[in-house]
Amino acid sequence: MYHRNCKGREMKIHEYQGKEILKRYGVPVPASVPVTDPERAAELAGQAWDQLGGAVAVVKAQIHAGGRGKGGGVKLARSREECVALAEEIMGMQLVTHQTGPEGKKVQRLLVEAGCEIEHEYYVGLVLDRQTSRVTVMASTEGGMEIEKVAAESPEKIFKETIDPLTGFQGFQARRLAFKLGLSGSAFKNAVRFFLALAKAWEETDASLFEINPLVTTKQGDVLALDAKINFDDNSLFRHKDYAELRDLSEEEESEIEAAKHDLNYIKLDGTVGCMVNGAGLAMGTMDIIKYVGGEPANFLDVGGGASPETVEAGFKIILSDPNVKCVLINIFGGIVRCDRVAAGVIQAVKNVGVEVPVVVRLAGTNHEVAAEMLRTSGIDLIVGDNLRDAAEKAVAAVK
Ligand code: GDP
Ligand code: MN
């Protein structure tokens with residue numbers, strides 16, 4: 001359920017922010033109070049308990065990752081004392097889930113939510129289906145579980161409706177989904193209203209992912225979003241200036257934030273060959289060929305068409321801030337940018353940054369002979385690749 005395309009990414013937000021947005025569109029969510037000051041977690045959680053005024057509250061860790069329940073980040077409190085104690089326990093903890101990696105994520109925000117009497121947990125999600133180029137609404141009776149697992153093991157339990165961009169999500173589609181989920185009576189009516197409100201929220205927020213897992217029915221026939229995962233399409237952020245305050249930079253990859261400041265398209269990956277490439281397509285191609293010759297790329301990095309020495313230097317710093325990087329492969333095609341300009345950038349960067357891993361360079365296009373000569377006489381220890389395949393092989397050999 002997670003996707004990043006080669007140009008631009010998704011912006012993630014916390015559950016409590018997602019629920020706030022859904023509420024504005026009339027999607028029912030339980031009453032809740034966020035706690036965003038780690039220093040005053042206990043005090044604020046106590047106040048939240050009083051404010052909610054129920055017999056049960058749920059204390060929920062707010063991190064940009066799912067699986068919090070299983071990891072111990074979602075717990076039920078049956079008294080004010082318990083609510084305070086759980087807030088103290090969860091705030092500041094290093095929460096490990098299947099989506100955080102083994103080091104986990106430090107919890108710095110909580111959501112204290114009114115407990116509800118769950119009758120059944122369902123799943124509902126909206127995604128962009130790249131096969132049909134349309135938005136698909138998915139719903140399942142198997143809520144609370146990982147939907148990837150349901151899709152793999154019992155795909156017949158996932159019901160789908162495709163949204164026609166001309167007409168939008170239709171009432172009959174909402175009813176068909178509610179019917180297939182086996183709902184009746186007030187739960188059916190409420191689910192239909194829920195789906196319609198959710199589809200409207202999707203359309204107006206330029207979201208790229210909605211996941212309500214679980215969506216629950218209660219004994220009283222209410223239909224509520226107990227969880228809310230919302231991602232926004234980065235390419236639409238210019239239309240939503242108000243989303244800036246939803247951003248939680250402490251949840252994002254530091255090197256990716258740094259890259260964004262320099263207008264570099266950078267995505268950290270898990271391999272060992274750092275890649276510096278101009279153009280998103282060439283960057284994808286470079287990653288492919290690294291894999292083809294037996295290596296693993298450490299990142300995707302597009303320095304852009306007009307790579308200046310400063311951009312190249314910034315790119316170098318970002319690539320090298322990743323301790324996994326054992327070699328850097330520079331692959332530049334001099335189309336808009338001249339190779340000699342890039343070579344000057346590489347030389348400047350290596351001198352300024354102090355690179356301690358082997359650097360393989362492949363430059364092709366305008367002025368590549370001049371660039372090769374500059375690199376050869378620069379006094380810097382660089383490995384020159386004759387072509388892309390040769391460069392990739394040399395980079396992978398340098399790692400090993
Ligand atoms: P996730 O594990 O990160 O997906 O976090 P969720 O918000 O989905 O919470 C995990 C589980 O906690 C849910 O599937 C529910 O079973 C349970 N849970 C969450 N909120 C409530 C609540 O208000 N009442 C009860 N009884 N259980 C809840
Ligand atoms: Mn969930």
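**Getting started**

Helices (H or I, at least four residues) and strands (E, at least two) are DSSP runs, numbered from the N terminus. This is a predicted model, in which local features need pLDDT of at least 70 and side-chain atom pairs count only at pLDDT 80 or more, while totals for chains, interfaces and linings use all residues. Residues are numbered from 1 along each chain as its sequence is written, chains are lettered from A and ligands numbered from 1 in the order in which they are written, and side-chain values use heavy atoms, with hydrogens and water left out.

**The manganese site**

Which residues hold the manganese ion (ligand 2)? Asn213 (O) and Asp227 (OD) coordinate the ion at 2.1 to 2.2 Å. Donors here are N, O and S atoms within 2.8 Å of the metal (3.2 Å for Na, K and Ca), and water is not among the atoms, so sites may look incomplete. Asn213 sits in strand β11 (residues 207-218), and Asp227 sits 14 residues away, in the loop between β12 (223-225) and β13 (229-233).

Both Asn213 and Asp227 are buried; buried means under 20% relative accessible area, exposed over 50%, and partly exposed in between (1.4 Å probe, protein chains only). Asn213 is also joined to Pro214 by a cis peptide bond, with omega about 10°. Pro214 belongs to strand β11.

**Around Arg109**

Look for Arg109 in the loop between β6 (105-106) and β7 (110-114). Its C-alpha atom is 6.7 Å from that of Pro38, although the two are 71 residues apart along the chain.

Leaving out residues up to four places away in sequence, Arg109 touches, among others, His14, Lys60, Met91 and Asp248. Contact means heavy atoms within 4.5 Å. The side chains of Arg109 and Tyr16 make a polar contact (2.7 Å). That term covers a pair of N or O atoms within 3.5 Å; within protein, one must be able to donate a hydrogen and the other to accept it, and residues adjacent in sequence count only if both atoms are side-chain atoms.

**Helix α2**

The buried residues of α2 are Ala41, Leu44, Ala45, Gly46, Ala48 and Trp49. They pack against β2 (32-35), β3 (57-61), β4 (74-77), α4 (80-90) and β7. Just after α2 comes Gly53, with a positive phi of about 65°.

Most residues other than glycine have a negative phi. Asp263, not a glycine, has a positive phi of about 60°, and its loop runs between α8 (254-261) and β14 (265-268). Asp263 is exposed, at 69% relative accessible area.

Asn367 also has a positive phi, near 65°. Its loop lies between β18 (359-365) and α12 (368-376), and Asn367 is partly exposed at 28% relative accessibility.
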